[in-house]
Amino acid sequence: MELNQIRDKFKSLYGTEGVVYSSPGRINLIGEHTDYNGGFVLPGAIDKAMYCEIKPNGTDKVRAYALDLGESAEFGLEENDLPAKQWAKYIFGVCREMIKRGAKIPGFDTVFAGDVPLGAGMSSSAALESCFGFAINDQFGLGFDLFEIAKIGQATEHNYVGVMCGIMDQFASCFGKEGSLIRLDCRSLEYQYVPFNPEGYRLVLVNTCVSHNLAEGAYNKRRLSCEAVAHAIKKRHPEVELLRDANLDMLREVANEVSAEDYIRAEFVIEEIQRLLDACAALEKGDYETVGKKMYETHIGLSRKYEVSCDELDFLNDLARRCGVTGSRVMGGGFGGCTINLVKNELYDEFIKRANTDYEQKFGIKPKVYDVIIKDGARKL
Ligand code: GLA
């Protein structure tokens, strides 16, 4: 088991034992690309996580070992000590963001590993940030609360990875609760746990196993489009800070002042925020047919308006529809990764069989299938 491998490696590398922490990846039922627009999201933490063992080492250096890659890195914690390896930047970034907020962090040894699939839209990087944020905070008694740990992870993406992400992934990784989704207002960070146990249905991810590499630049570009439109609307409606505050009428007013591309991106976001609210209302009534319908609408929007889908994802979405799956859509940032599917129990076997065979036949790659199990967020083991 992975955990034992971490412990064995830690012992053999550093000759001692540390403390182990974990923080999970996430799914998101609906509400995509709404977080950085101050809107709502509906994520949940899953049973796949990043794990790290950690112990102070009496120096001012971090010695880290990435078990899944078989790679090590050693670095200091001054701003100009930025390590070269991508995975090490996450650990360094988390430490730096804590230091910027007044923390004192001594050197430590660590080994980490995880089973959150990379590039699958399940937020492996947020899981890593939250895992180290939670671990370092606890180890050194830094006193950050979970909100701040989530923000530290997000700031790490912004300042050390270059992805201008919203708060959804890190929040879900930190605040996840077994059996519940989190209805999060990404502006105020107010949240409610929404118990999610859809009787008669299963929630399943189908991984295209492709991740198209335009992702980061394209993601930041989407965000800039949204900001440009919010800015244009604000000139007429000073109360509008983010697209969350805008409606479609306001958008139409600025049609001639923004590019056609920015317009259509903003239209998606404004519609998506409303779709999430509609889906939440339907969930409360146990109306999964409506939830599913909204998921399909989200997919169409993400594919045609926001343009973050790809052939592989569209194919799986189409297949779900043809199999009679209740709801299906691309999940997360896009450009590859998974579709999330709400499937009636009796259709499950047939859908999974066809997803496997038809997808492989078309693209020559075997997809991966994960049943979603909603678990707790960051913790000490
Ligand atoms: C990525 C980002 C999130 C969010 C989603 C899209 O996962 O990290 O902040 O914007 O994409 O909903």
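1. In this predicted model, an oxygen atom of the ligand lies 2.5 Å from an N or O atom in the side chain of Asp35. With the cut-off for a polar contact set at 3.5 Å between N or O atoms, the Asp35 pair falls within that limit.

2. The ligand, taken alone, exposes 310 Å², of which the protein buries 91%.

3. The residues around the ligand include Arg26, Glu32, His33, Asp35 and Tyr36, together with Cys165, Gly166, Met168 and Asp169, and also Tyr219, Gly332 and Gly333. Sorted by class, this shell comprises four nonpolar, four polar and four charged residues.

4. As for the site itself, the space that the ligand takes is the largest pocket.

5. The domain assignment divides the protein into domain 1 (3-196) and domain 2 (201-372), and the C-alpha centres of domain 1 and domain 2 are 25 Å apart. To the contact between them, domain 1 gives 36 residues and domain 2 gives 44 residues.

6. Which domains supply the shell around the ligand? At least three of its residues come from each of domain 1 (3-196) and domain 2 (201-372), and so the ligand shell should be read together with the domain assignment, whose bounds come from an automatic or database source.

Conventions:
Residues are numbered from 1 along each chain as its sequence is written. This is a predicted model: local features need pLDDT of at least 70, side-chain atom pairs count only at pLDDT 80 or more; totals for chains, interfaces and linings use all residues. Side-chain values use heavy atoms; hydrogens and water are left out. A residue is near a molecule or strand if one of its heavy atoms lies within 4 Å of it. A polar contact is a pair of N or O atoms within 3.5 Å; within protein, one must be able to donate a hydrogen and the other to accept it, and residues adjacent in sequence count only if both atoms are side-chain atoms. Accessible areas come from the Shrake-Rupley method with a 1.4 Å probe; for residues, only the protein chains shown count as cover. On a 1 Å grid over the protein atoms alone, a cavity is a set of points where a 1.4 Å probe fits but cannot get out, and a pocket is an open set with protein on both sides within 12 Å along at least five of seven lines; lining residues have an atom within 4 Å of a point. A molecule sits in a cavity or pocket if more than half of its atoms lie within 2 Å of its grid points. Ala, Val, Leu, Ile, Met, Phe, Trp, Tyr, Cys and Pro count as nonpolar, Asp, Glu, Lys and Arg as charged, and the others, Gly among them, as polar. Contact means heavy atoms within 4.5 Å.
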